[in-house]
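Here is a quick tour for anyone opening this structure for the first time. Have a look at it, then read on.

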Amino acid sequence: MSEVRVRFAPSPTGSPHIGNMRNAVFDWLFARHSGGRFILRIEDTDRTRLVPGAVEEIMRDLRWLRLEWDEGPEVGGLCGPYFQSERVELYQSYARQLAEEGKAYYCYCSPERLAEMRKEQEARRESIGYDRRCRDLTPDEAERLKGESETGVVRFRMPLSGTTTFKDVVRGEISFDNALQDDFVILKSDGFPTYHFASVVDDHDMLISHVIRSEEWVSSTPKHIRLYEALGWEPPLFVHPPLIVGPDRTKLSKRHGAVAFSSYIEEGYLPETILNFLALLGWSAGEDRDLYSIDELIEKFTLEGIIDHPAVFDTAKLQWMNGQYIRACDPDRLVELTLPYLQRAGLMAESPSPDELRYAREVIRLMQERMAVLSDAPKLCDFFFVDQPEYDPKATDKWLSKPQAADLLNKVADSFESAPEWNIESIENAVRAAGAELGLEGGQVIHPVRVGVTGRTVGPGLFETIEVQGRERSVARLRTAARIAAREAAG
RNA sequence: GCCGCCAUAGUGCAGUGGCCUAGCACACCUCUCUUUCACGGAGGCAGCACGGGUUCGAAUCCCGUUGGCGGUACCA
């Protein structure tokens, strides 16, 4: 096989979504696996749907996932330009060539007429697409219609009989009846090519060996096959991975909630999670495993492993996987990743001091086993960063309303103040000793103390929490809590 | 409607004619660890869409049915 060259060819009409990025993952993995090239091409041929900033977002998402492209915007390459809008002359010249050779023709039908035609076809419950009115115009008729309509499009002259067959790498041979194919537009009236035409021209021009694109494209592949034939080119291999669908099993779209890829970045999924998860959405190494490093993915990724049926995007499993990677994460890196979430929540300064940073590191260490996504961090550990925690009414109700609660809390505070050392052991001793004085043990002392120092009933290990929180802060909180307890007991 | 693709537990996969009393993971449930939560550990629940073939033997091959999805634009 000659060199593997694959391309990721998004159109900048909005934010990339999970499905787009899954395809990019497959492209990249295949390129890296086979020592080939991964090319990024921007398909900006629909000028009406262009979204400003979309190209930047695509590149940002790819880079975040560490999917570096070998050719494309910002990195260049021998087959550029990599924006289709900069290649229109190329498409136009090929369209002209096809027209001159009688393999394509100019069509002057107005959008209105086309809409009318479609409506009638629908009413008659038939749909063969364009009625080919302009397919075999005499020169005179062509001249006349051209004068009437001002603008026209170029349509491909599809064979009227026979079948078009191609081999999909994932599904095997697929055949289509030519008579059912449309004389599709290759060049629009604004001079821009349609997807079908531009992608064929570019895939050939950029020496693409494998066209990897999602399943929604299989039914237009016969158009592309005929185009390659008409242009006298060898078609690439077609690979159609399955669609990624929502919980309702339909194609991912806005109505499925978080579709923008960036929303997963914001929620705090790690790149290695997303890469691992996306790789497994429509592909399998044929093993009973779920966790793969990037290197393992590259090593194991083959086209044969691509599944041939749609995959439902399961957020629950994504979360689980992210938890796995968070736990495996280097602590320093985890701090770096989590800090922005704390800062955005107003829990940390924008430019923290070394002390504050050290403190945050300790706190995050305690959170590492408890986070599923990074955005969990603020609500999990906010009490570490404020002067006084908010006391959860349910918690105070349950643990601070006992007659001895205020006493206990004050005693613990006393012994914290007088403790010669401040470490987990001394803290535990102090707490247990204070409880013993009142004839309390186990949960009877630990729960009230936890509520006293954190304001809530759940959290990391009590003694670790107190140690990290510090003596001063813990004592102050215990005193406050003791007052609340006294009030509760009295009321 | 027409064309195409697909069909293993709720979800994602493994399985390519006998090793399947169908395996793994998530979710869910139980137990365990434990000061709580989480993590970890041990169990459990739950599936080859249906009907015909082929074969000594079918989740695996063939046909049909049903169902799901995709496409059917001067969008990609």
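Is Arg-132 buried or exposed? Arg-132 is buried, with a relative accessible area of 19%; buried means under 20%, exposed over 50% and partly exposed in between (1.4 Å probe, protein chains only).

Keep in mind that this is a predicted model, where local features need pLDDT of at least 70, side-chain atom pairs count only at pLDDT 80 or more, and totals for chains, interfaces and linings use all residues. Residues are numbered from 1 along each chain as its sequence is written, chains are lettered from A and ligands numbered from 1 in the order in which they are written, and side-chain values use heavy atoms, with hydrogens and water left out.

**Confidence**
- Chain A has a mean pLDDT (the predictor's confidence in each residue, from 0 to 100) of 94, and 99% of its residues reach 70 or more.
- For the complex, the predictor gives an ipTM of 0.96 and a pTM of 0.95.

**Salt bridges**
- There are 37 salt bridges in the structure, each being a side-chain nitrogen of Lys or Arg within 4 Å of a carboxyl oxygen of Asp or Glu.
- Back to Arg-132: its side chain meets that of Asp-183 in a salt bridge (3.2 Å, N to O).
- That pair links distant parts of the chain, 51 residues apart, with Arg-132 in the loop between α4 (111-123) and α5 (139-149) and Asp-183 in the loop between β6 (172-177) and β7 (185-187). Helices (H or I, at least four residues) and strands (E, at least two) are DSSP runs, numbered from the N terminus.
- Asp-183 is buried too, with a relative accessible area of 0%.
- Glu-74 pairs with Arg-63, and their closest N and O atoms are 2.9 Å apart.

**Nonpolar cores**
- The largest nonpolar core has 74 residues, and Leu-278, Phe-384 and Phe-385 have the most contacts inside it. Such a core is a set of buried Ala, Val, Leu, Ile, Met, Phe, Trp, Tyr and Cys residues joined through side-chain atoms within 4.5 Å.
- Helix α1 (residues 18-33) gives this core its largest share, 9 residues.
- Another core lies apart from it, with 33 residues, including Tyr-82, Phe-156, Leu-187 and Leu-227.

**Helix α11**
- Helix α11 (residues 315-328) has 14 residues and reaches 20 Å from its first C-alpha to its last.
- Among its buried residues are Leu-318, Met-321 and Tyr-325.
- The cover over the buried residues of α11 includes α8 (261-267), α9 (271-279) and α12 (331-344).

**Around Lys-251**
- Lys-251 lies in the loop between β10 (244-245) and α8 and is partly exposed, with a relative accessible area of 46%.
- Setting aside neighbours within four places in sequence, Lys-251 is in contact (heavy atoms within 4.5 Å) with Glu-216, Leu-243, Ile-244, Val-245 and His-256.
- The C-alpha atoms of Lys-251 and Pro-310 are separated by 9.1 Å, though the two residues are 59 apart along the chain.

Technical notes. The expected span of a helix is 1.5 Å times one less than its number of residues.
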